Amino acid sequence: MRLICTGHGLRWLPPVIPVSVAPGLRICAGVFGTSLARRSRLANRRWEREQGRRDATEDMSEDLSEGEKGDGVGELVQSETPRKKFQRNYSNLEVWSDDKKEKKLYIVLISLHGLVRGENMELGRDSDTGGQVKYVVELARALARMPGVYRVDLFTRQISSPEVDWSYGEPTEMLTAGAEDSDGNEVGESSGAYIVRIPFGPRDKYLRKELLWPHIQEFVDGALAHILNMSKVLGEQIGGGGPVWPYVIHGHYADAGDSAALLSGALNVPMVLTGHSLGRNKLEQLLKQGRQSTEDINSTYKIMRRIEGEELSLDAAELVITSTKQEIEEQWGLYDGFDVKLEKVLRARARRGVNCHGRFMPRMVVIPPGMDFSNVVVQEDAPEIDGELSSLIGGTDGSSPKAIPAIWSDVMRFLTNPHKPMILALSRPDPKKNITTLLKAFGECRPLRELANLTLIMGNRDDIDEMTGGNASVLTTVLKLIDKYDLYGLVAYPKHHKQYEVPDIYRLAAKTKGVFINPALVEPFGLTLIEAAAHGLPMVATKNGGPVDINRALNNGLLVDPHDQHAIADALLKLVSEKNLWHECRKNGWKNIHLFSWPEHCRTYLTRVAACRMRHPQWQLDTPGDEMASEESSLNDSLKDVQDMSLRLSIDGDKSSFNGSLDYSAAATGDPELQDQVKQVLSRIKKPESGPKDAEGGKPETGTNKYPMLRRRRRLIVMALDCYGTEGDPEKKMIQIVQDVIRAVRSDSLFAKISGLALSTAMPLSETVDFLTSAKIQVNEFDALICSSGSELYYPGTYTEENGKLLPDTDYATHIDYRWGCEGLKKTVWKLMNMTEAGEQTKETSHIQEDAKSSNAHCITYRIKDGSKVMKVHDLRQKLRMRGLRCHPMYCRSSTRVQVIPLLASRAQALRYIFVRWRLNVANMYVILGETGDTDYEEMISGAHKTIIMKDVVKKGSEELLRAMDLKDDFVPKESPSVAHLSGDASANEIANALKQVSKPSS
């Protein structure tokens, strides 16, 4: 017997006798165990969040006066009334109006997955081509029509595959021409809205969104090339000759958010994020069902990579646009990078001018999606409307039918009596859209079946057996339920419809005095509800998500629990049977529908974006069109003559080239005519006054010009080998490899002068110089030194003092200073790295020791005493995010150091900065790596650059301290034509051949 404590006292229970368990019961036990684990995990996250919030407020309280210290998290939240909240949100904002028309803004939108085009959108073709595609296309068009907006680019993926229509392989597509000015004159040839398709990933395959993740960095480099080209073009048209940078970069969904974060960091312009649907919310819903483990879910949906992309997006975003308040509180509130309470505290401190020690939370705002009402004809009700459908399709009096839309015929052929009110559902056949529950509600409610028909518009299909698992399963269940309840003649489910026919579908339902229903389990917003209301249809919708806010604004229907089929049937029956209620809902929808128009959406959007902290690339040292620039332009023209490069994206998917790229292998084949052409090009470059040192066939040029030699380089060889010993010191074999790479570059005199060298390392400048000195390599061999994991950038031979001391690029230092809170980070990182799993400070000796020699103004470095006792990068970053700290932590130098650098700094981003600053295209860079490295190794492999991986050089990296779950395949492509492998003991000649091989364009 066992004695247990219940809610009513003590109670004896008989002993547990082991018995065999039926398979079904084992499943129940597994579900119960999963539920317990989920609750435990959520409780742990709540505790960690409270701990982070408490730490943040304690650290910041030192700057508050005694009177201000009462403004803690609890007090601040409780003191807010709705009126104060409204005044706080809107009183200080200048509403965007027509007087902004003198502005000439360039806006970039990004939506990567699915099939994106302006006309005949294939919505519902697959789970990736849905409402988001329509939303971003219409947003681009609407923004381009707003006063003050000159050009809008919508970036997506270029797809040249036989699986899809040829139009998705077109490099650009105009959505709308630019607006005219007040005098009726056109504003410019490049104005308007455009779809810009960037090739990334396999050129001949259409990939679902879960498979795009490894190719994100390649997209970023291609998009960056387009933006730099466009900034120059727009500068000539509207910028007075100076570049016109994007006003904002707006990412849609996690993949585009991740991309926008990198792009905005490279360009130093504001980023805006719209999540559309969120990974953490989906993960919680799937785990709640208890059918799959986290590992299984991740394998199918790449959910952990998606969540990390969303967290990175929150790190960089100035503004997050949501459709509903519920999305902010219940969905974004699940993320490490956003805390509603802490965000209010930080905003209050910022208003008072109190130091936040680098802490930041993005601003969340609700802006409902807009809709184009140009095709909607609103007509008042009249008594004769009851007979309108009969007059159109021919009634029982034998009158002839009028011409009707084809889609009406497709729907009505299913129905015995098409005159009955139509219940309309329009969505993909996705399990979460809950169509089967709707069908059960209809099938089991006899009064509803007698009064109404049901029409299910479930995307487009040819053969159910060829559809994806979830969609095929839903459609199969729908057919079975129709048969089970004998609903033939009562339910319409056409196989195909065109996007332009959707308004006609709404009109048909409205003419029968029908009802629109959205029974989704959770609906992030519910754009179809707005469309239905615009066409005069009352609604029944899920009470979970966006429909709550929509119904509050329109007051045109009823909300239901999507799990309760009886509640669904009752609500539908009430609307179709009570005529007065139906007419009232119809009128209410029309009365308030203007709240969801595109002009209203864009006005609010631009008002909010204008309130962000505006920033763009700014250089202390301008680079005017001097003699060097003239020579460079002449050189570019000649190189183009040699190779006939195009600056635009080609239809077959070749990468864009900002500077053009030189086929290294072509001139090395020995073609005398081609070599003569190249020699003529090179002869046009003036020698520096000091003259080049010719050691082994042509050392790269050095000079004392105020501009780095990077401005003249057509290629950059970047050595980023993380080859360190057990104490974190560079190993001797790295010396040999660096020497061999230099010899390889010099071995061809034709290209030595247009090829630069860079060294990218976690070591500080002093140790980097000592390393090169020990190898008897002059620092001036290199055009750039990227030191301290990308927190400092030097140009030997250019930025130096009189005594020869190297000076950092101050523009780069300013560039990466965004959201950098050095002192607050030092204190917090020390505390976290010495914390036990229970959240208490360790009583043992500290696990880390400050490394002042390796630190600088933008790099906090600690030496690791015991690598087995430190937390992984993923965990450290999670805890820093919960405290409002945005940065880039990493382990380096064989796990002997931990470095924390600014959010916008990294070795990979430093290469993009060189592209933006000195116009040396990332696509013309060659990065030499080992097989492993520091925890930023993944960022260095993928992208538009060429990569050479040297085997057996780096014995021990730091990647084991990156994260608990191995997600490398979700960050790095398994195969890429831009990656070559080479033996670690390769000779200079073999390295030169590898550079030639990897530079060949892929077929």
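A: Start with a residue and its element. In this predicted model, C892 lies in strand β23, which spans residues 887-892.

Q: Is C892 buried or exposed?

A: Buried means under 20% relative accessible area. C892 has 0% relative accessibility, so C892 is buried.

Q: Which residues is C892 in contact with, beyond its neighbours within four places in sequence?

A: Look for heavy atoms within 4.5 Å. With those neighbours set aside, C892 touches A762, R897, Q899, D934 and S958.

Q: How far apart are C892 and Y937 in sequence and in space?

A: Take both separations. The pair is 45 residues apart in sequence, and the C-alpha atoms are 9.7 Å apart.

Q: Now a helix. How does the span of α35 relate to the expected value?

A: Compare the end-to-end reach with 1.5 Å a residue. Helix α35 covers residues 988-999, 12 residues in total. From first C-alpha to last, α35 reaches 17 Å, close to the expected 16 Å.

Q: Which residues of α35 are buried?

A: The buried ones are A988, I991, A992, A994, L995, V998 and S999. Viewed down the axis of α35, they fall within an arc of 160°, so they line one face of the helix.

Q: What share of contacts between residues at least 6 apart joins residues at least 24 apart?

A: That share is 73%.

Technical notes:
Residues are numbered from 1 along each chain as its sequence is written. This is a predicted model: local features need pLDDT of at least 70, side-chain atom pairs count only at pLDDT 80 or more; totals for chains, interfaces and linings use all residues. Side-chain values use heavy atoms; hydrogens and water are left out. Helices (H or I, at least four residues) and strands (E, at least two) are DSSP runs, numbered from the N terminus. Buried means under 20% relative accessible area, exposed over 50%, partly exposed in between (1.4 Å probe, protein chains only). The expected span of a helix is 1.5 Å times one less than its number of residues. The arc is that of the directions from the helix axis to the C-beta atoms.
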